[in-house]
Amino acid sequence: MIGTAARRYLLGAIVLPGAVGAVGLAALLGPWSPLALDGANARYTAGDSMGAETAYAALTESWRAPGTRAEAATRAGLLALARGDAREAAERLRRAVDLQPDADRRAEVRAQLAGIYRDQLEDPVRAAEAYEAAALDREGAASLVAAAVCWERAGSPDRALDLWMRAMSAPGDASARAEAAAGLLRAERAMGAVAEAEP
């Protein structure tokens with residue numbers, strides 16, 4: 001007959017590995033699982049882009065962690081863009097922005113969204129707003145320059161002027177600063193021409 005101490009020892013030997021296994025399984029299947037995107041990724045690498053897009057879209061609305069859902073929404077948006085549906089792509093990237101907890105990654109997604117507004121949907125105002133928001137998430141001259149260019153296209157030289165000035169002092173490379181200086185000169189000329197035209 002097994003004594004009490006021996007029973008406790010055997011119970012501990014069974015319960016501890018079982019608990020570790022349960023925690024490991026919960027980590028793999030839980031909301032922070034590193035495997036959450038694997039099914040959709042496998043479909044994409046197998047050449048099933050429509051199936052992958054559907055799987056990513058489903059993950060976006062799942063119970064997973066916000067960062068995982070944001071990444072799924074981003075990938076679904078980029079696949080929608082690749083098949084030529086810019087409106088669906090923009091909607092999914094907006095959802096990704098709302099879900100993304102990481103400011104740097106959110107800035108990247110905002111810049112992708114802004115590019116869709118600018119190039120595919122030909123909406124310079126929304127493009128400018130998205131680039132400005134990206135600059136708030138991650139300060140840099142490149143996003144400010146892109147926003148200013150979009151405000152110029154939208155016929156708002158006053159908004160562009162403000163962004164050109166901000167871009168001149170923002171961190172960034174020499175080419176962004178050179179573009180900001182040229183844009184600042186253009187905006188000042190445009191504002192001067194408007195002032196001269198007024199009675």
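Predicted model: local features only at pLDDT ≥ 70, side-chain atom pairs only at ≥ 80, totals over all residues.
Q: How do α7 and α8 lie relative to each other, roughly parallel or roughly antiparallel?

A: Two packed helices are described by the angle between their axes and the distance between the axes. Here the axes of α7 and α8 come within 8 Å and cross at roughly 160°. Angles over 145 degrees count as roughly antiparallel, so that is the label for α7 and α8. Their crossing is left-handed.

Q: And what about α8 and α9: at what angle do their axes cross?

A: Read this pair the same way, angle and distance together. The α8 and α9 axes cross at roughly 165° and come within 8 Å, so these helices too are roughly antiparallel to each other. This crossing is left-handed. From α8, Ala141, Leu144, Val145, Ala147, Ala148, Val149, Trp151 and Glu152 take part. Their partners in α9 are Arg159, Ala160, Leu163, Trp164, Arg166 and Ala167.

Q: Which residues of the largest nonpolar core touch the most other members?

A: For a core, look for buried nonpolar residues joined through their side chains. The largest one has 36 residues, and Ile116, Tyr117, Tyr131, Leu144, Leu163 and Trp164 touch the most other members. At least two residues each come from α4 (66-82), α5, α6, α7, α8, α9 (157-169) and α10 (174-197). Helix α8 gives the most, with 8 residues. There's also a second, separate core of 9 residues, which includes Leu37, Leu59, Ala76 and Leu79.

Q: What does Trp164 touch, leaving out residues up to four places away in sequence?

A: Go back to the contact idea, heavy atoms within 4.5 Å. Trp164 touches Val145, Ala148, Val149, Glu152, Glu179, Ala180, Gly183, Leu184, Arg186 and Ala187.

Q: Now for charges: how many salt bridges does the structure hold?

A: A salt bridge pairs a Lys or Arg side-chain nitrogen with an Asp or Glu carboxyl oxygen. The structure holds 14 of them. Take Arg92 and Glu53, which meet at 2.4 Å, N to O. Arg92 sits in helix α5 (residues 86-99) and Glu53 in helix α3 (residues 49-60), 39 residues apart. Both ends count as buried, because the cut-off is under 20% relative accessible area: Arg92 has 17% and Glu53 has 3%. The two belong to a network of salt bridges that also links Arg83, Asp85 and Glu88.

Q: Which parts does the salt bridge between Arg106 and Asp137 tie together?

A: The closest N and O atoms of Arg106 and Asp137 are 3.2 Å apart. Arg106 lies in helix α6 (residues 103-120) and Asp137 in helix α7 (residues 124-137), so the bridge ties together parts 31 residues apart in sequence. Both residues are buried.

Q: Where do Glu108 and Arg138 lie?

A: Their salt bridge is at 3.7 Å, N to O. Glu108 is in helix α6 and Arg138 in the loop between α7 and α8 (141-153), 30 residues apart. Glu108 counts as partly exposed at 33% relative accessibility, and Arg138 as partly exposed at 37%.

Methods:
Residues numbered from 1 in each chain as written. Heavy atoms only, no water. Salt bridge = Lys/Arg side-chain N within 4 Å of Asp/Glu carboxyl O. Helix = DSSP H or I, 4+ residues; strand = E, 2+ residues; numbered from the N terminus. Buried < 20%, exposed > 50% of the residue type's maximum accessible area, 1.4 Å probe, protein only. Core = buried A, V, L, I, M, F, W, Y, C linked by side-chain atoms within 4.5 Å. Axes fitted to C-alpha atoms, helices over the stretch in contact; angles between N-to-C directions. Parallel < 35°, antiparallel > 145°, perpendicular 65-115°, else oblique. Left-handed = near helix turned anticlockwise from the far one by under 90°.
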